[in-house]
Amino acid sequence: MATDRTPPVIPPALIARRHDGPEWADWLDRLPTIAAGVRDEWHLTQVGPVWHGACSWVAPVVTVDGESAVLKLALPDEESEHEHFALQRWQGRGAVRLLRADPHRRAMLLERLDRTDLTDAWDEEACEIVGALLAQLHVPPVPQLRDQSSYVVPWLDALARDLRDLPMPRRMAEQAVSLGRDLVAESPTAVVHGDLHFANVLRGARDGVVQWLAIDPKPSNGDPHSECEPMLRNRFDEYGVVGSVRDGIRRRFHTLVDTAGLDEDRARDWVVVRSIVNAHWTARAAAGAARKLTAAERDHVTRCITLAKAVQE
């Protein structure tokens, strides 16, 4: 069999992330070799230009059996460490199918989907689609995944340490810490995706039937009620086009809760926790670099606070 000798191409947007830290520089240095090695060992032929996610390199390929697929190589961080376990557990039910994996190299061969996502869908319709997917993805916990609390508790500890220096009302940060500790004190009840939003749902066709499928999980064993915040935070600029920003946020929130069959109060508490933690990450990054927040970062923090307030009013 002929081997695909096309040199792997690294998109400029990924190359630009070399300055995001030594782990990025190291991975980018090794990425062409990893891509060529996996492609050769798995006998894959690249059939189109590569693209990328926030932390991944993706190429359309054809297998030795003529099956259309994509090869995904991820940055070796804790978010990508267990992605293959979740995809194995879901077995294509509500999610892209995993065909093969090499966890050591963060390599996965995946079912090829249409690159059309939910970004242009009416937001309530998109929330209904995502809510229905969440109901499928929330299967019982699996031993290979870490508990959600192992991520959340350190986030809350860091938030508590920085209470005096946050660009937000202190009472909101204190509320998030208190709510978060109560929420993660309970045992996990399901596998959670962790980052399901408009761009992480792609259209696929199976046996001639078109359906929407989740991609790019940041999985853990946790609380299904924690899943709403990404859908509220993304496409934020669309809020207020019809009605108020508050009404738009609450409309999405209630659509997700109703479609996924979630408890409204618990889902609301998680939105508060994740929104304030998200704002803290941005503030902490600026503080760590000994600089003030940029205009874009201030806007992000404001949006996070707006989400937390809107679901509680």
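Which residues are linked with Lys72 in a network of salt bridges? The network joins Lys72, Glu83, Asp216 and Lys218, where a salt bridge is a side-chain nitrogen of Lys or Arg within 4 Å of a carboxyl oxygen of Asp or Glu. The model is predicted, so that local features need pLDDT of at least 70 and side-chain atom pairs count only at pLDDT 80 or more, whereas totals for chains, interfaces and linings use all residues. Residues are numbered from 1 along each chain as its sequence is written, and side-chain values use heavy atoms, with hydrogens and water left out.

Side chains of opposite charge can pair when their charged atoms come close. The structure holds 28 salt bridges, and one of them pairs Lys72 with Glu83, whose closest N and O atoms are 2.9 Å apart. Because Lys72 lies in strand E4 (residues 68-74) and Glu83 in helix H3 (residues 83-90), this pair ties together parts that are 11 residues apart in sequence; helices (H or I, at least four residues) and strands (E, at least two) are DSSP runs, numbered from the N terminus. Both Lys72 and Glu83 are buried, a word that stands for under 20% relative accessible area, with exposed meaning over 50% and partly exposed in between (1.4 Å probe, protein chains only).

Lys72 also forms a salt bridge with Asp216, with the closest N and O atoms 3.0 Å apart. Asp216 lies in the loop between strand E9 (209-214) and strand E10 (220-222), while Lys72 lies in strand E4, so the pair ties together parts that are 144 residues apart in sequence. Lys72 has a relative accessible area of 7%, whereas Asp216, at 22%, counts as partly exposed.

Elsewhere, Arg203 forms a salt bridge with Asp114, the closest N and O atoms being 3.3 Å apart. Since Arg203 lies in strand E8 (residues 201-206) and Asp114 in the loop between strand E6 (107-111) and helix H4 (123-137), parts that are 89 residues apart in sequence are tied together by this pair.
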